[in-house]
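Subject: Structure handover

Hello,

The structure we talked about is below. My notes on it follow.

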Amino acid sequence: MAQAAHTLKSPKPAAHGVKRHTGLMDWITTVDHKKIAILYLWAGGLFFGIGGIEALLIRWQLIKPMNDFVDAQTFNELITMHGTTMIFLGVMPIIFALMNAVIPLQIGARDVAFPFLNALGFWTFLFGGLLLNLSWIMGGAPDAGWTSYTPLSGTAYSGTHGVDFYTIGLQIAGLGTLIGGINFLATIITMRAPGMSFMRMPMFAWTTFITSAIILFAFPAITVGLVLLTFDRILGANFFVPGGGGSPVLWQHIFWIFGHPEVYILILPAFGIISEVIPTFARKRLFGYSSMVFATILIAFLGFMVWAHHMFTTGLGPVANALFAVSTMLIAVPTGIKIFNWLFTLWGGSVRFATPNLFASGFIPTFTMGGVTGVMLASAPADFQFHDTYFVVAHFHYVIVGGLVMGLIAGLHYWWPKMFGRMLSETLGKWTFWTFITGFHLTFFVQHFLGLMGMQRRVFTYLPNQHFDTLNLVSTIGAGLMGIGTLIFLTNIIVTSKKPPDAGDDPWEDGRTLEWSIPSPPPEYNFKHTPHVRGLDAFWKEKTAGNKGMAPAEPIGSIHMPSATPLPFIMSVGIFIAGLGFMFSRDHFGSALVSFLFNNYIVTGLGLLITFGAMLMRSLYDDHGWHIEPEELEGR
Amino acid sequence: MAAEQHTRDHGVKRRHRQEGPQKHILIFVLSAVLTLIAFAAVAAGEVNAVFAVILLLVMAVIQVFVQMGYWMHLKDKGHMMPIIFILGGFLIAGTCIIMALYWVWWD
């Protein structure tokens, strides 16, 4: 009775006549996870390209001793922006692109838990990234390294607005990441299809789940750190200023309490991708599924307990260094479990080396090499030698490029037909793989030796005849080859987009998980029926049982859809304006009016007004979404 | 069909509402009283400083349990995930804060 009465009270949802946007407006207002995935991919790809160009400029400067292609200041800006852009604006959005494109499909859901927040997360990331990159044309980019250590990043040593762009830009972009992480946690906990218990979830869904949990716990640390640094720089606080009673080491702790989990935020999704690609192309179920899950959780937990290994030379004392050395080496155990599980999955499988599997197979040895140097670096006494040399640079590029980026390219080739309905060219894909991996090892393998011979990282040039010359030349040639590999991938994308859609539901023919049971690209409601999951590798299980597709878990019914809305975009524009306004609030401009507007926080207030106004709109205007009726579903 | 979907959505909310407002008012008063005791202990100025600090800490712990259990519904069924995540958050944040503070200010 109470239920019926309640139904009468709720406003009748509009069944039809939902406003459909087209063109640019469609992209700005979309809350569809598949479209947001594509937005993340293009935006992430753009920043990845910018970061790549910065990398090539860095390598060009280092091609020979005493080069004067760029000066020291520009070089500092290049390395800072290369690191920051690649990690926060390049690979993380591409990770989110794949998560958005795949996770709801893999768990049999029709969208993420909070579609509105999903869009908000994308737009805040994009505007944060734009703000950070505006620094190039607005008085100089940040130049204190991607770690932005104090006191170098304080006003005493970084007087321009460079580091402000870093703190405010990352703050805004970080908001998007946090929103995205919470969204995927809620999605995976609450929206799995009937029958999909946690231990029946595909590995990529598991790693996304754990990655989101790490984001939830790690990002608040950098948020706080950036707020404190912003206060120090703009409002004259003393958190990191020793003269005022602050501590520069505090920044190092805060940064690495975030920064170390961050590297697991980066690599775990790649582990997930590899764990999807290898079983598909080995045509075997993943070896040791439950140990993979356990290893993922263990890596996430240990990832929070090792941050001080970035600070061995800071002077924490031998006891702390020993403890953190041991906890760091412990991480090699679950990671090793994963490596062996992948090898045992390939072992005895009927392996097909399609492009995704090529990248996955290239990933395993490359990532293992990065892991081995990681254990070397974990040894605190040895680290006193390695610290701040090219050995460290080689190590983290092996795990981030050889690990994460290879994993991402594998995942992009693998899920491209699902995202866009078109198969990428296998020929060009193989060219991409061979040029990229050859270039990669040329670039970074030699850097181990450069580091061991004493070449420091972050130096803008070096003297001749220290045995650095040839290896640096080789490294630069390798970087060029990686650039060519990336261009071939880009060509592949363009060529493929000109072709008519050719991908069937299960284009690799050996798809194991739910996303391959629906059309490519999926309709906006994903699943006509919510599928009924009967085991791990749900779709594969039905195929081996001789069934055509998934069994439905419910009759065809009306599907509730979220409404498109421009509010997330508007909110992000507001934050962007507020950020710029706050950054320049202490500046003196040529025009008295402009100075007045900035110095009295009027610009900041205007931006916040836009954001909070949009929030108010969202709260006051009750949007119940719309429905796709069964007749429309059958009409297709 | 659409109506059915909506009933289901509202059904979830209804479960919390069944507890009735009495309990919530009681908990709200309890939170307020806990806060008042803490304030009064300091404002009176006659309470021994050590005792006041201990009292404040005890009040704070009780307050945390009340807030978490009732307002965040951790005592309710089906809240295993929030409990796991909140405890995980405490564990990780606590470790980091204690160790970082130890090195920054006391070491």
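Which residues are buried in helix 10 of chain A? They are A:Ala320, A:Asn321, A:Phe324, A:Ala325, A:Ser327 and A:Thr328. Buried means under 20% relative accessible area, with exposed over 50% and partly exposed in between (1.4 Å probe, protein chains only). Helices (H or I, at least four residues) and strands (E, at least two) are DSSP runs, numbered from the N terminus.

Before the rest, some conventions. This is a predicted model, in which local features need pLDDT of at least 70 and side-chain atom pairs count only at pLDDT 80 or more, while totals for chains, interfaces and linings use all residues. Residues are numbered from 1 along each chain as its sequence is written, chains are lettered from A and ligands numbered from 1 in the order in which they are written, and side-chain values use heavy atoms, with hydrogens and water left out.

Helix lengths

Helix 10 covers residues 318-330 of chain A, and its 13 residues should span 18 Å at 1.5 Å a residue; the end C-alpha atoms are 18 Å apart, which agrees. The expected span is 1.5 Å times one less than the number of residues. Helix 18 of chain A is mostly covered, with 13 of its 17 residues buried.

Helix pairs in chain A

Axes here are lines fitted to C-alpha atoms, for helices over the stretch in contact, and angles run from 0 to 180 degrees between N-to-C directions. Angles under 35 degrees count as roughly parallel, over 145 as roughly antiparallel, 65 to 115 as roughly perpendicular and the rest as oblique. Contact means heavy atoms within 4.5 Å.

- Helix 9 (residues 289-303) and helix 11 (residues 332-346) of chain A have axes 8 Å apart at an angle of about 150°, and are therefore roughly antiparallel. On the helix 9 side the residues that meet helix 11 include A:Met292, A:Ala295 and A:Ile299; on the helix 11 side they include A:Ile337, A:Asn341 and A:Trp342.
- Helix 3 (residues 33-61) and helix 16 (residues 469-498) of chain A cross at roughly 155°, their axes coming within 9 Å. This pair is therefore roughly antiparallel as well. Among the residues making the contact are A:Trp42, A:Phe48 and A:Trp60 of helix 3 and A:Ala479, A:Gly480 and A:Ile493 of helix 16.
- Helix 14 (residues 390-420) and helix 15 (residues 426-452) of chain A pack at about 165°, with axes 7 Å apart. That makes helix 14 of chain A roughly antiparallel to helix 15 of chain A.

A residue that touches both chains

A:Phe209 lies in helix 7 (residues 203-234) of chain A and is buried, with a relative accessible area of 6%. Leaving aside neighbours within four places in sequence, A:Phe209 is in contact with A:Leu185, A:Ile188, A:Ile189 and A:Phe198, and with B:Met81 and B:Phe85. A:Ile189 is 20 residues from A:Phe209 in sequence and 8.5 Å away, C-alpha to C-alpha.

Chain B

Chain B has four helices and zero strands, in the order α-α-α-α. Of its 107 residues, 27% are buried. Among contacts in chain B between residues at least 6 apart in sequence, 57% join residues at least 24 apart.

Regards
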